[in-house]
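Here is a model to read alongside its sequence. The questions below walk through its sheets, then its loops.

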Amino acid sequence: MSGNDAASRAKIQVWWDMNDCPIPEGYDARRVRQSIESAFNDFGRVSITAYGDQKQTPCHVLRGLSSTGIAVAHTRSESTRSVMYRDMVEWRGQNPPPASIMIISDQVEGDLSWDLARLQQRTSYYLYLAYSNKPCHDSFLNLYENWHWEELLEEGRGAPLVAAGGLSSSAAMFYCKSCNFDCQSLKTFRKHLSSYKHGVEEAIKPPDTLLCVTKTWARNYPATPEHATAKIHVLWNMKDCPIPEGYDARRVRPSIERALKELGYTGPVSITAFGNQKQTPDHHLLALSSTGVVFAHTLPWVLHSRMLTNFEEWAEDNPPPASIMIISDGLASRKSHSSLICSRLQESNYNCFLAYSVRPFEMPALLTSAEWLWDSLLAVSETKRHILHKCSSGSEMVVASTGMFFCDLCDCHCKSLDDFNKHLLSKEHTHEDNIMNTHFQSFIHRQRQFKISKYHDEVGYPPKTKRMRKAPQTEGFSPKTRDVV
Ligand SMILES: [Zn+2]
Ligand SMILES: [Zn+2]
């Protein structure tokens, strides 16, 4: 068994854009395979497909690549990225993990990395990238390694050339992606690329566009058996998603539990509410804590980072399968601090739920099993009032907590609302509060100064010395002249 496991983990599939990451002048194409293999420390069976406009690739390069078992795929340059990605998605469908995938391209950033990060949250592979000019900076995509293409090729430069051994002779080695044509001989391939039929096909077919497969995935789907009874931890940003005026706070927990139950999630639910709890009315604090909601007092500018820290701590004690629910507008947005959660979801089998007060303009990079609008989530228990009694008073769904009231600034746990209020008024707490406030104020000030000086650089301020001297060149800059014209 373990032998099989090791073998399947060692499966490595490589998609290589030859246009973005070409073979350098004078480099022997036969060395490409061994360079890639040595980057992987020769730990597995590597399958490589080289994509690009192969009409432009010299014959000796194509021969060199195919002689070492590298498959060659012809695509039109403008379609290479999308065809490579489509092939990768198809391969994932047929090759369940564990396995490694590698993309050699400068165009991973943006839509592709967003979709790939979401795919990886569902089904995780070891992911490797190589680039020549533009590394992928999207922090939500979890990478095992990110190599520089030419440095990677250098790895194999010194080694003696090894003839391709044990290559599967039945596999087609040359593909034309424009015509769905494949063959095993270079001669036939080149003949095809210069044929009338191929020319017409490319002339009439529009170029492929990148298809983000996760865009059409359902938002709310039923629980898988492994997640159905697993623990659920809820991180609730009370600032983004407050309790509406007149709403009975005791109904928050039953609403969340009921909404999850409707999708088949019945595991124990722990809820931590983050916010400036000095501003939360006592009756809300009492009502929520009576249903087992834990409070974390924190200030607005560190609220998200505290939520993330809480998630990290919880994840350490609660290995997957388990679920995380985020109630927040900030963490739901695509360009948010949610990279850390995204990254954790790509590493391990956690489920993620999202609730927000406003549906995000762009789909988040977080892959969710269900999403709700905060108001409609709260309304779930309204029509099912009986649930309130069942869940709110000492239900087994309430997870034992280390402290019902928690000051995240001072790291202080309180067992009762009285103690919590006392703490929030204490000297010790006020001191921490002041430090945080001062730090933030000075941060805003520094940021403002930075923006001002950047603006000054742009417009060439201060003008007195510089502009006076350069007066003849900056005529066009004078608003008066322009106004007159
Ligand atoms: Zn063709
Ligand atoms: Zn405190």
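Q: What is the strand order of the open sheet that has β14 in it?
A: This is an open sheet of eight strands with mixed pairing. Strands here are DSSP runs of E with at least two residues, helices are runs of H or I with at least four, and both are numbered from the N terminus. Two strands pair if DSSP finds at least two bridges between them. The order is β14-β13-β12-β9-β10-β11-β15-β16.

Q: Which strands stand at the edges of this sheet?
A: An edge strand has a single partner strand, so one side of it is left without a neighbour in the sheet. The two are β14 (370-373) and β16 (412-414).

Q: What is the average twist from one strand to the next in this sheet?
A: Axes are lines fitted to C-alpha atoms, for helices over the stretch in contact, and angles run from 0 to 180 degrees between N-to-C directions. The average twist is 20 degrees.

Q: Which residue of β11 stands opposite F274?
A: Strand β10 covers residues 269-275, and β11 covers residues 294-297. They pair in the parallel sense over four bridges. Opposite F274 stands A296.

Q: How reliable must a residue be to count, and what kind of model is this?
A: Residues are numbered from 1 along each chain as its sequence is written, while chains are lettered from A and ligands numbered from 1 in the order in which they are written. Local features need pLDDT of at least 70, side-chain atom pairs count only at pLDDT 80 or more, totals for chains, interfaces and linings use all residues, and the model is predicted.

Q: What is the order of the open sheet that has β6 in it, and how far does it twist on average?
A: It has eight strands and mixed pairing, in the order β6-β5-β4-β1-β2-β3-β7-β8. Strands β6 (145-148) and β8 (181-183) are at its edges, each with a single partner, so one side of each lacks a neighbour in the sheet. From one strand to the next, the twist averages 15 degrees.

Q: Which residue of β6 stands opposite Y128?
A: Strand β5 (residues 126-131) runs parallel to β6, joined by four bridges. Opposite Y128 is E145.

Q: At what angle to β1 does helix α4 run?
A: Helix α4 spans residues 80-94. It lies across β1 (11-17), β2 (45-52) and β4 (100-104). The angle to β1 is about 165 degrees.

Q: Where is P98, and is its peptide bond from P97 cis or trans?
A: P98 is found in the loop between α4 and β4. Omega for the bond from P97 to P98 is near 10 degrees. The bond is cis.

Q: What is omega for the bond that joins P320 and P321?
A: P321 lies in the loop between α12 (303-317) and β12 (322-327). The bond is cis. Its omega is about 0 degrees.

Q: Is N180 buried or exposed?
A: N180 lies in the loop between β7 (174-176) and β8. Its phi is near 55 degrees, a positive value in a residue other than glycine. A residue is buried if 20 or more other C-beta atoms, placed from the backbone, lie within 10 Å of its own, exposed if 12 or fewer, and partly exposed in between. N180 has 8 within 10 Å, so N180 is exposed.

Q: What is phi of D411?
A: D411 sits in the loop between β15 (405-407) and β16. D411 is exposed, with 8 other C-beta atoms within 10 Å. Its phi is positive, near 60 degrees.

Terms used:
Contact = placed C-beta atoms within 7 Å.
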